[in-house]
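The sequence and the model are shown first.

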Amino acid sequence: MSEQTNTLIPETTPDRVIPENDSVRPLESPRPGKRLGEYPEREIELESAFANGLSHISRLKIQQRYSRESVRKEFIERVNRSGDLLKEKTEPELDMFRQQLQAQLRRLGLNEGLVAQVFALVRELAGRKLGKRHYDVQLIGGWYLTQGILAEMETGEGKTLTATLAASVAALADIPVHVITVNDYLATRDAEAMRPLYEALGLTVGVVTADAQPAERQAAYDCNIAYCTNKQLVFDYLRDRVSTACAENGLSSQLKALHQGKSDFDQTFLRGLCFGIIDEADSILIDEARTPLILSRPGDTCMQTEVCRVALKMAGKMKSGRHYVLNQKERMIKLSAHGKKRMQQVAEKLGGAWKGRKRREEWLVQALTALHLFEQDKHYLVRNGKVEIIDASTGRTLPDRSWERGLHQMIEYKEGCEISDQQETLARISYQRFFRRYLHLCGMSGTAREVAGELWSVYRLPVVSVPTHRPSKLKRFPDQILIDNESKWDAVINEIRIEMLEAKRPVLVGTGSVRASEELSERLKEANLPHQVLNARQDNHEAEIVAKAGHEKQLTVATNMAGRGTDIVLGKGVEHYGGLHVIATERYDARRIDRQLFGRSARQGVPGSCHAILSIEDELPTQYLPSWLLKIMPVSPEWLQRKCINAAQSSAQRHHRAIRRDLQKHDEQLEDLLAFSGNSE
């Protein structure tokens with residue numbers, strides 16, 4: 001090692017690379033190779049409820065240690081000591097330093113001393129290549145990521161830049177990195193924005209989007225750092241699992257169809273599940289974890305249109321309470337004895353496939369579900385003659401996804417669309433099972449503390465909060481609760497008029513569905529209030545709409561598309577008027593999502609305000625409160641109305657948590673069966 005290297009890395013000597021005072025155990029490098037294989041992933045070990053309960057002691061210890069100001073300060077001082085020696089270095093000198101660090105990381109793993117020096121280098125290069133230097137709180141967040149922690153960083157604290165720290169450390173150690181976010185727009189935006197920094201570090205970066213072809217996907221995953229969405233990543237993993245099983249069993253035709261012409265059976269998309277950084281982690285690991293992901297192929301489509309026609313016609317004649325029981329809260333429909341008997345009578349006349357009891361009852365239940373539980377512009381859009389699912393968590397459409405077991409085809413027939421092929425399941429997995437397979441998993445979110453216990457129990461992710469760079473100036477007004485939707489919309493428009501026209505502030509109005517956003521839009525037109533609408537219909541113009549949303553007197557009506565990952569930059573003079581004002585027109589199913597919406601305002605210490613204007617007729621109270629309570633709410637005092645709305649939200653959170661718990665139990669049972677049978681997913 002040269003003398004210059006000793007100058008640049010003061011804690012390192014030829015004989016001792018790990019400082020003696022390094023209290024953190026070096027992390028093993030979870031990279032493909034002889035030790036872990038070419039496709040490394042963690043074997044999931046099931047544990048007893050007692051062991052799981054005891055493990056929370058470990059979680060508390062981790063949280064206590066990394067929450068200490070002295071521990072944070074010590075790490076920041078380490079980074080600053082290294083950083084001071086880099087400020088005057090030329091780019092060739094920095095590149096030489098990078099190469100020497102890279103060699104040590106590959107040999108020794110991610111010990112704290114080396115991590116601090118890499119962070120100093122990344123910060124220095126970010127200042128030169130991006131015009132941005134990491135704040136101390138971003139260094140803390142990045143350090144947490146290297147330790148396998150979910151860093152709770154308030155909205156607007158710069159999670160995109162924070163992720164570059166941990167991603168660079170792992171990639172320099174030759175560990176394949178996946179930076180996982182909630183949609184293609186954010187994955188592409190973040191990868192392209194950070195590309196100059198990664199290239200200065202000698203690293204390659206790829207992006208996997210929904211329209212990427214197989215060769216493009218494989219090339220992206222072969223990069224040091226791959227930006228991707230959770231759904232694309234999981235489906236590519238399932239394709240790898242199926243292709244591996246097909247290759248082992250000689251099923252060449254199935255494999256070729258799956259990989260669309262890939263010639264080598266040994267080729268896979270991923271290089272294993274080594275180092276995963278999840279942005280908006282609570283959205284992916286909690287909100288989207290209620291439904292398994294299913295890889296499918298076109299199946300038998302004979303009689304499909306006729307089955308939909310007959311089933312929907314029959315369902316339309318059945319009466320709720322007599323022929324079937326509809327549970328809006330559980331989103332389930334069950335046939336009653338009368339319904340089954342009526343179904344049998346009709347089936348005797350139809351004959352053929354309708355004679356099978358289980359089959360015909362499933363068809364009828366799916367038809368009833370399509371009619372009564374799935375609504376256009378709330379659960380799906382009809383666009384260009386096709387039914388597109390709306391993601392409840394992000395408000396965006398999922399054009400390449402379909403509901404299973406014939407439900408999608410029932411909805412297509414209901415809406416007069418061309419019937420698509422019914423899909424046959426090839427493989428399935430839940431987020432709970434998939435993300436536990438990462439050798440190193442970490443994440444970031446602005447809203448995770450409410451689900452810290454679940455994140456640990458399921459994924460072994462401790463949640464530690466990162467201090468804000470500047471004190472928050474968000475002003476939150478008490479919730480306003482109206483007796484009906486008409487009064488609510490009148491109050492919303494009145495507040496918009498005051499804040500936008502009189503105070504000259506930009507206003508963001510959050511709605512719960514496409515339908516609600518468009519209803520408000522019509523009312524705003526009648527009131528002569530110019531505005532922009534951001535929902536699943538305008539997802540291609542998201543960046544353009546968000547870019548204008550912080551300008552003076554700008555009004556934006558949005559679904560929760562504007563709740564995550566978006567950065568509304570204030571226009572000139574707006575801070576003087578009080579910043580962005582956010583109005584929520586209903587409560588979401590989880591308090592965290594409310595906080596995400598309100599977090600669009602008052603970022604990085606600038607002023608801002610938020611207000612919830614709600615109605616007793618909103619979906620949350622009507623679904624989760626008993627009917628007798630709904631009847632007395634209009635004449636109840638305001639404090640009781642607020643308590644009722646809070647109770648409804650708590651009930652929704654418990655309900656969704658139960659769904660995730662049931663899915664996890666089902667997964668564990670499936671894991672046992674698969675282990676016994678030797679099958680893959």
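The paragraphs below treat the cysteines, then the salt bridges and the elements they connect.

**Cysteines**

The structure is a predicted model. A search of the whole structure finds zero disulfides. Cys417 is buried, having a relative accessible area of 11%. Cys610 is likewise counted as buried, with a relative accessibility of 0%.

**Salt bridges**

How many salt bridges does the count give? The count comes to 38. Three of these pairs are listed here.

| Pair | N to O distance |
|---|---|
| Glu112 and Arg78 | 3.1 Å |
| Asp287 and Arg592 | 2.5 Å |
| Arg595 and Glu450 | 3.0 Å |

**Glu112 and Arg78**

The side chains of Glu112 and Arg78 form a salt bridge at 3.1 Å, N to O. Glu112 belongs to helix H5 (residues 112-129) and Arg78 to helix H3 (residues 69-84), so this pair ties together parts that are 34 residues apart in sequence. Both Glu112 and Arg78 are buried.

**Asp287 and Arg592**

In the salt bridge between Asp287 and Arg592, the N to O distance is 2.5 Å. Because Asp287 lies in helix H12 (residues 281-287) and Arg592 in helix H23 (residues 591-598), the pair ties together parts that are 305 residues apart in sequence. Are the two partners buried or exposed? Asp287 has a relative accessibility of 9% and therefore counts as buried, the limit being under 20%. Arg592, at 4% relative accessibility, also counts as buried.

**Arg595 and Glu450**

Helix H23 also holds Arg595, whose side chain meets that of Glu450 in a salt bridge of 3.0 Å, N to O. Where does Glu450 lie? Glu450 is in the loop between strand S13 (440-445) and helix H18 (452-459), and the pair links distant parts of the chain, 145 residues apart. Arg595 has a relative accessibility of 22% and counts as partly exposed. Glu450, with a relative accessibility of 37%, is classed as partly exposed as well.

Which residues are joined with this pair into one network? Through salt bridges that share partners, Glu152, Glu154 and Arg449 are joined with Glu450 and Arg595 into one network.

**Summary**

Arg592 is buried, whereas Arg595 is partly exposed.

Key: Residues numbered from 1 in each chain as written. Predicted model: local features only at pLDDT ≥ 70, side-chain atom pairs only at ≥ 80, totals over all residues. Heavy atoms only, no water. Disulfide = S-S within 2.5 Å. Buried < 20%, exposed > 50% of the residue type's maximum accessible area, 1.4 Å probe, protein only. Salt bridge = Lys/Arg side-chain N within 4 Å of Asp/Glu carboxyl O. Helix = DSSP H or I, 4+ residues; strand = E, 2+ residues; numbered from the N terminus.
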